[in-house]
Amino acid sequence: MARTSDQRTTDAPVAQGFLGPDRNWHLGAGLMTLATVVAFTIWAFTHTGTDVNAFLLVLAIAFGLFMAFNIGGNDVANSFGTSVGAGTLTMKQALVVAAVFEVSGAVLAGGSVTETVRSGIVDLGGMAIDPLAFALIMMSALLGAAVWLLLATKMGWPVSTTHAIIGGIVGAAVTTGISTGTGGFAMVQWGEIGKIAISWVLSPLLGGIASFVLFGTIKRRILAPAARAIALGSRGYDDAEDDDDDDDDDDDDDDDEQRHVPASERVTELQQSAFAESAALDITPGGPGAELVENAANLTKKERKAARKVERKAAYHALEKRVPPLAAGAAVLLAAMLVFKGLDNVGLNISVGGGVLMLLMLALGVWMATTVFARALKKQSISRATFIMFSWMQVFTACAFAFSHGANDIANAIGPFVAVLDVLKTGTIGEEAAVPSAALIAFGIALISGLWFVGRKVIHTVGTGLTAMHPSSGFAAELAAATIVLLASVLGLPVSSTHILIGAVLGVGIVNHAANWKLMRPIFLAWIITLPAAAGIGAVVVLVLRAIF
């Protein structure tokens with residue numbers, strides 16, 4: 001699972017043989033996707049009946065699965081970017097984790113019914129609209145959003161899939177209203193558009209502030225002792241035995257230290273700059289860390305031994321005493337996020353007292369388990385112990401995000417599609433439509449396929465492009481984002497989870513003085529044009545579909 005920085009690889013296929021070294025993975029994902037499309041198409045014809053317009057149904061299936069595919073390539077890739085960029089998960093491991101938790105979230109908590117999008121951002125209820133016209137609007141919205149998401153994904157821009165589908169509906173609905181004389185721009189709820197505009201600034205700002213505070217605290221309270229111990233040449237907890245040796249033995253230990261520590265356990269410049277205290281271990285030329293390393297080299301053997309002993313013990317003390325309460329708090333926040341954002345569709349009736357008791361039990365269990373784990377890591381070098389501890393914590397945050405994402409954002413594809421499916425089956429526009437389990441499974445698999453085939457550029461942007469990531473900083477970014485998502489859900493703030501996570505990543509970069517603002521400029525521009533771009537494409541598509549049908 002966890003890899004040290006020296007073990008990181010770009011999971012990008014190398015041109016060798018047919019489809020490169022990941023040939024079997026490509027073929028497996030491709031065959032799984034193809035089988036899903038075929039099986040789901042057969043099911044859809046059975047579900048809607050034999051008298052359905054076959055061509056229209058096939059197009060609806062293609063547009064819906066294509067939208068889910070691109071949600072996977074952009075939104076799911078965005079969620080896993082910090083984990084892959086930090087080296088906590090490889091691309092293949094991220095695919096497996098996403099397959100389990102995204103699909104589980106979609107199937108278990110994706111909701112049994114969905115609104116048919118008659119109102120909200122666009123008031124379709126005021127239009128004299130027939131079922132076929134309604135179906136064409138939803139299909140056009142799906143394709144308009146999907147095409148824009150694919151373009152953004154190819155550029156490596158993480159954007160909001162929710163804003164994309166809203167834009168698609170606006171463009172298709174307004175165009176239909178104008179062309180039929182039954183509506184126009186007055187149909188658009190401009191107040192809701194204003195909330196979306198607010199989210200462009202509010203979401204990354206809140207995510208950035210939360211991440212800046214959280215990661216800054218983690219660096220000062222937990223990681224700085226490890227950074228200083230590494231700078232002084234400490235290998236790990238067992239170095240304490242060296243304190244009883246004579247000076248000659250200590251000298252030999254210092255000279256041979258790098259030979260005794262495996263390359264996989266040595267901390268590299270990237271790791272150091274990622275989790276070190278900025279005033280303690282920024283070892284770039286002229287940086288304050290360079291002065292620390294130079295001063296450490298000039299210490300006498302006795303001074304160096306004493307300093308190593310103090311920082312080494314402080315480092316393991318921080319892992320054992322300060323990480324467990326952090327992990328317990330994170331578990332409570334993630335559990336609350338799942339309840340508010342992931343499990344609100346399954347009808348759980350948990351009392352306030354029962355919920356608090358469950359969260360307290362969870363916190364206590366995580367606290368105890370993390371304490372035991374931290375003590376077991378004393379056998380590892382300081383750099384590796386730190387890496388492993390935060391790697392496992394980041395895996396849990398990634399799993400929680402994946403489950404919550406599968407439960408919520410799959411609605412951006414499944415909602416409009418099920419509305420179309422219901423129209424084709426019943427011939428009427430209902431207020432709500434049942435969400436078949438087969439659709440949730442098929443769309444969940446399409447998410448995973450999109451992550452594997454087109455999600456790498458977005459993963460690169462989030463994981464390494466905006467700033468360098470270590471498991472500790474990746475964990476901080478994900479936890480900060482989860483906190484803001486939870487608070488926004490409770491308070492009803494207009495935010496985007498995608499934008500929040502990007503802001504959190506930038507918050508890490510600010511703490512490390514390594515935020516890539518140049519890359520952020522086109523991403524912010526992409527956020528602004530997501531809604532109008534999807535609306536424009538949706539408008540064109542609905543005109544074409546109306547000409548055909």
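Predicted model: local features only at pLDDT ≥ 70, side-chain atom pairs only at ≥ 80, totals over all residues.

Student: How many helices and strands does the protein have?

Tutor: There are 20 helices and two strands. Both are DSSP runs numbered from the N terminus: helices are H or I with at least four residues, strands E with at least two.

Student: Why is Ser140 called buried?

Tutor: Buried means under 20% relative accessible area, with exposed over 50% and partly exposed in between (1.4 Å probe, protein chains only). Ser140 has a relative accessible area of 0%, so it counts as buried. Ser140 lies in helix 4 (residues 131-155). Across the protein's 549 residues, 54% count as buried.

Student: Which residues does Ser140 touch, not counting those up to four places away in sequence?

Tutor: Ser140 touches Ala172, Gly538, Val541, Val542 and Leu545. Contact here means heavy atoms within 4.5 Å.

Student: What makes helix 2 and helix 16 oblique to each other?

Tutor: Two packed helices are described by the angle between their axes and the distance between the axes. Helix 2 (residues 54-85) and helix 16 (residues 437-454) pack at about 55 degrees, with axes 7 Å apart. Angles under 35 degrees count as roughly parallel, over 145 as roughly antiparallel, 65 to 115 as roughly perpendicular and the rest as oblique. Helix 2 and helix 16 are therefore oblique. Their contact includes Gly64 and Leu65 of helix 2 and Ala442 and Phe443 of helix 16. By class, that contact has 13 nonpolar, five polar and no charged residues. Here Ala, Val, Leu, Ile, Met, Phe, Trp, Tyr, Cys and Pro count as nonpolar, Asp, Glu, Lys and Arg as charged, and the others, Gly among them, as polar.

Student: How do you know that helix 19 is roughly antiparallel to helix 20?

Tutor: The axes of helix 19 (residues 497-511) and helix 20 (residues 517-548) come within 12 Å and cross at roughly 165 degrees. That angle makes helix 19 roughly antiparallel to helix 20. His499, Ile502, Leu506 and Ile510 in helix 19 meet Trp517, Met520 and Trp527 in helix 20. This contact has six nonpolar, one polar and no charged residues.

Notes
Residues numbered from 1 in each chain as written. Heavy atoms only, no water. Axes fitted to C-alpha atoms, helices over the stretch in contact; angles between N-to-C directions.
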